[in-house]
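Please read them with the structure open.

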Amino acid sequence: MNRTAGTPRRSFLGVCGGATAALALSELDIINHLPRVSAAEATLDQQAVRFSDDIEPLVRLLEETPRNRVVEVFADKVRSGTSYREVLTALLLAGVRNVEPRPSVGFKFHAVLVVNSAHLASLASPDQDRWLPIFWALDYFKSSQARDVQEGNWTMAAVNESSVPAPHQARQAFVDAMDNWDVDAADAAVAGLVRSAGANEVFELMAHYGCRDFRSIGHKAIFVANSFRTLQCIGWRYAEPVLRSLTYALLNHHGEPNPSTSDLTPDAAWRVTDSLVDGFDDQWNSGKLDPSVTVAHLQTLRDATPEQAVRETAKLIQSGIHPQSIADALFLSAGEMLMQQPGIISLHSSTTTNAMQYAYRTARDPKTRLRLLLQNAAFIPHFRSSMQSRGKVATKSIDQLQDLEAPEQATSVTKIFELINDNREEASRGAMAFLATGGQAEQMIHTARQLVFLKGNDSHDYKFSSAVLEDFYAVSPKFRNSYLAASTYLLPGSRDRDNGLVDRIRSAVG
């Protein structure tokens, strides 16, 4: 395993400042007893990453170790030389083998969905902190595994080899099965597809089907992005079981008739998208940036139906507007929903937009990219409708943050994260004030990430923070400060209760 013992320690105190940072520094210092994970080890090697052939024993160790011992057992494995990538691989494979993405691609299945979020948090951390989110994810897997046992103890079965199509037939067999929502045929077809096609070709297909319906509040799109991003690190050789799980998730339509032979609400926007895509040539993404269009489209998305959102977004593209101006409106819409009803639905508007925008930026086929953009627009009204069904939605607007005048005196990062525990609206305004007076967004981002390490108790803490902190850089400069400020409605506060994981690691490493 690569080590960086001679690398000077990045000062967490310098990042955070104040008493909050001092507390975090003392609590995180214990991580230095574990071997450091270098940036090179945690980042994708452009050459094919080769893991040892004995990953199965490590996966089984994770599966069979009781939850109250998993941190200690894996601390011993790390000290004995088990690498970051091997642990990450075991996490993902144990999840897809032991946790069923049914009846919804969420809930207990977050043990799989959160792996990439924990990995992203590790990538963005100083070397000495990189193990913390991974140990958290090990512990979280055990809780999800126990829940799956309670719900029937599902385990992924071996693929039916007699049904796996020949290499030259695999792609069409997969498309046919997915279009027909045929689970058994799709399971065999995806095995043949992974064995015969390249990663990029398979990603294009998964991105296509991952954005076609809103079932499971965006988790299908999230699973597409997260599974491929993790495979980029651990290696394509592990793709088959992961993508079998993904295919099973994409075909989830619990409690409904077969969507291919029914006219169902979750598929309505997709039918509109499907009818429009062929009317575009491959030059549709060469328009002009226009911030005023972003603001106007944000207003449109506040009141549109999913189908209207698709049509209005298509009109903007056809009129010569650059997709980034549309993406900015999507990000701002997701941020605004956080302000209006901080909670599980608005959180997923952010994590789903993160996933669909990642897929949009990664896909090569212009038609696939256009579908992703149009469907992302369709999902925003779906999220707004879901929020209304859960209770009061405040009338707050993200424009209010954008229009704030810069204060005479700057606000500190420490104060922002203290305000989160007292008044999230004031924390959001404080964040805008901090950024407007020259404060560095990276200070807020690093502090938020460290607080997730210390305070995070739920997979959504990692999923949300990894998504919004990454997407700050995907939003145009004119709008990104208000997007980051809106995220304070769900980021952890400095006085939140610690999650206790650091204490377990202290006991494990002695």
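1. Is Asn-153 buried, exposed or partly exposed? With a relative accessible area of 45%, Asn-153 is partly exposed, where buried means under 20% relative accessible area, exposed over 50%, and partly exposed in between (1.4 Å probe, protein chains only). Asn-153 is found in the loop between α8 and α9 (167-179), and its phi is near 60°, a positive value in a residue other than glycine.

2. On the basis of these notes: this is a predicted model, in which local features need pLDDT of at least 70, side-chain atom pairs count only at pLDDT 80 or more, and totals for chains, interfaces and linings use all residues. Residues are numbered from 1 along each chain as its sequence is written, and side-chain values use heavy atoms, with hydrogens and water left out.

3. Ser-216, in the loop between α11 (199-210) and α12 (219-234), likewise is not a glycine and has a positive phi, of about 70°. Ser-216 counts as buried, at 16% relative accessibility. Most residues other than glycine have a negative phi, and most peptide bonds are trans.

4. The peptide bond between Arg-102 and Pro-103 is cis, with omega about 0°, and Pro-103 is found in the loop between α6 (84-98) and α7 (110-123).

5. Lys-142 sits in helix α8 (residues 131-150), helices being DSSP runs of H or I with at least four residues, numbered from the N terminus. Lys-142 is buried yet has no salt bridge (a side-chain nitrogen of Lys or Arg within 4 Å of a carboxyl oxygen of Asp or Glu), and the nearest side chain of opposite charge, Glu-63, is 8.1 Å away. The side chain of Lys-142 instead reaches the backbone oxygen of Leu-62 at 2.8 Å and that of Thr-65 at 2.7 Å.

Terms used: Helix = DSSP H or I, 4+ residues; strand = E, 2+ residues; numbered from the N terminus. Lys, Arg positive; Asp, Glu negative; His and termini not counted. Polar contact = N/O pair within 3.5 Å; in protein donor to acceptor, adjacent residues only side chain to side chain.
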